[in-house]
Amino acid sequence: MSTASFATQRDPATAAARRGALLVACAAVCWSSGGLIVRLVATSPWTTSLWRSLFAALFLSAVLWIVRGRGIVAQWRDGGRPVLAVAACMAMASTCFIFSLAHTSVANTLILMSTGPYVTALAAFLLLGERVAPRTWVTMGVALAGAVIMVSDSYSRGTVVGDLLAIVMSASFALATVLVRRHPEIRMAPAAALATTLTALVALPLADPLATAPRDLALLAFFGIGQFGAGFLLFMAGARLIPAAESALIGMLEIVLGPLWVWLVLSERPRGASLVGGAVIFAAVLAPSVVRFVVPRRAVSA
């Protein structure tokens, strides 16, 4: 087979991979706006959570009804109790995300959230008996050390609650991921729509939605539709076309861009401990993805 013929056969796959990478990158850009939106609105955390979840639930339910031709309630019924369990974990994570941003820096929230893959590995080991590679244990230890550095001065700065909520958020997402591994029949889009619905119902009694200013309502509509809903759908579409390691690598854009937007617009700068601990966590999370992404390509090119 000639080189030209091989390249021709590879073109469709290459185009699909590029499209997948672009979609995941767009998802990360959407997600990275969350911290800035929370800083810009004047609503309470419960009100922010209510409006964000309500807009996201309506958007996802409408998209799923159009794409699949079935009502969202029927799609929830198809998933049974497992989809409810996954949605409950995602709702917990979503609520903790809002309150974490309200009590600590955007950088701390996003970087502590990035430890999720290692929390997932630990949860899968404890609950499903999945084997954890020795190098994963090492990177988990490094990430834990970075988290300890980040929260070392949280008590003195009064941000310990926000940092702990970020850790709970990460653990909640990890549990949801483990449940999906145990029940692979679960469809993530209906689960996300159910999660946002549950989040809105929990927030409703504690929120004050009628006191929301029109400007804040517009921002919260984007928070639910653009940041969460569109970001989720873009990631799901792109992640199908590229390897998981590449998705994780590109998804790191959220952690880089999120604090950057807040710094550029509102001059919120991370403190020294956050920068040092964040660098340690970032290295721990990024290194394995870079290795998995680069080494196979070198092997193929060789």
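Is Arg240 buried, partly exposed or exposed, and what is its relative accessibility? In this predicted model, Arg240 counts as exposed because its relative accessibility is 66%, a value that lies over the 50% cut-off for that class.

**Figure 1. Overview of the chain in the predicted model.**
The chain holds 14 helices and 0 strands, so that the run of elements from the N terminus on reads α-α-α-α-α-α-α-α-α-α-α-α-α-α. Of the 302 residues in the chain, 45% are buried. When contacts between residues at least 6 apart in sequence are considered, 89% of them join residues that are at least 24 apart.

**Figure 2. Close-up of the largest cavity and the residues that line it.**
The search of the whole structure returns 1 cavity of 30 Å³ or more, and the volume of the largest cavity is about 30 Å³. Its lining is formed by Arg52, Ser53, Ala56, Ser94, Thr196 and Phe228, which divide by class into 2 nonpolar, 3 polar and 1 charged residues. Helix H3, spanning residues 45-68, makes the greatest contribution to this lining, with 3 residues.

**Figure 3. Close-up of the cysteines Cys26 and Cys30.**
Which cysteine sulfur is closest to that of Cys26, and how far away is it? The closest is the sulfur of Cys30, at 6.9 Å, which is too far for a bond, because a disulfide requires the two sulfur atoms to be within 2.5 Å. Cys30, for its part, is in no disulfide, and its nearest cysteine sulfur is that of Cys26, 6.9 Å away. The search of the whole structure likewise finds 0 disulfides. The two residues also fall into separate accessibility classes: Cys26 counts as partly exposed at 34% relative accessibility, whereas Cys30, with a relative accessible area of 17%, is buried, the cut-off for buried being under 20%.

Notes:
Residues are numbered from 1 along each chain as its sequence is written. This is a predicted model: local features need pLDDT of at least 70, side-chain atom pairs count only at pLDDT 80 or more; totals for chains, interfaces and linings use all residues. Side-chain values use heavy atoms; hydrogens and water are left out. Buried means under 20% relative accessible area, exposed over 50%, partly exposed in between (1.4 Å probe, protein chains only). On a 1 Å grid over the protein atoms alone, a cavity is a set of points where a 1.4 Å probe fits but cannot get out, and a pocket is an open set with protein on both sides within 12 Å along at least five of seven lines; lining residues have an atom within 4 Å of a point. Grid points are joined across faces, edges and corners, and a volume is the space filled by probe spheres set on the points. Helices (H or I, at least four residues) and strands (E, at least two) are DSSP runs, numbered from the N terminus. Ala, Val, Leu, Ile, Met, Phe, Trp, Tyr, Cys and Pro count as nonpolar, Asp, Glu, Lys and Arg as charged, and the others, Gly among them, as polar. Contact means heavy atoms within 4.5 Å.
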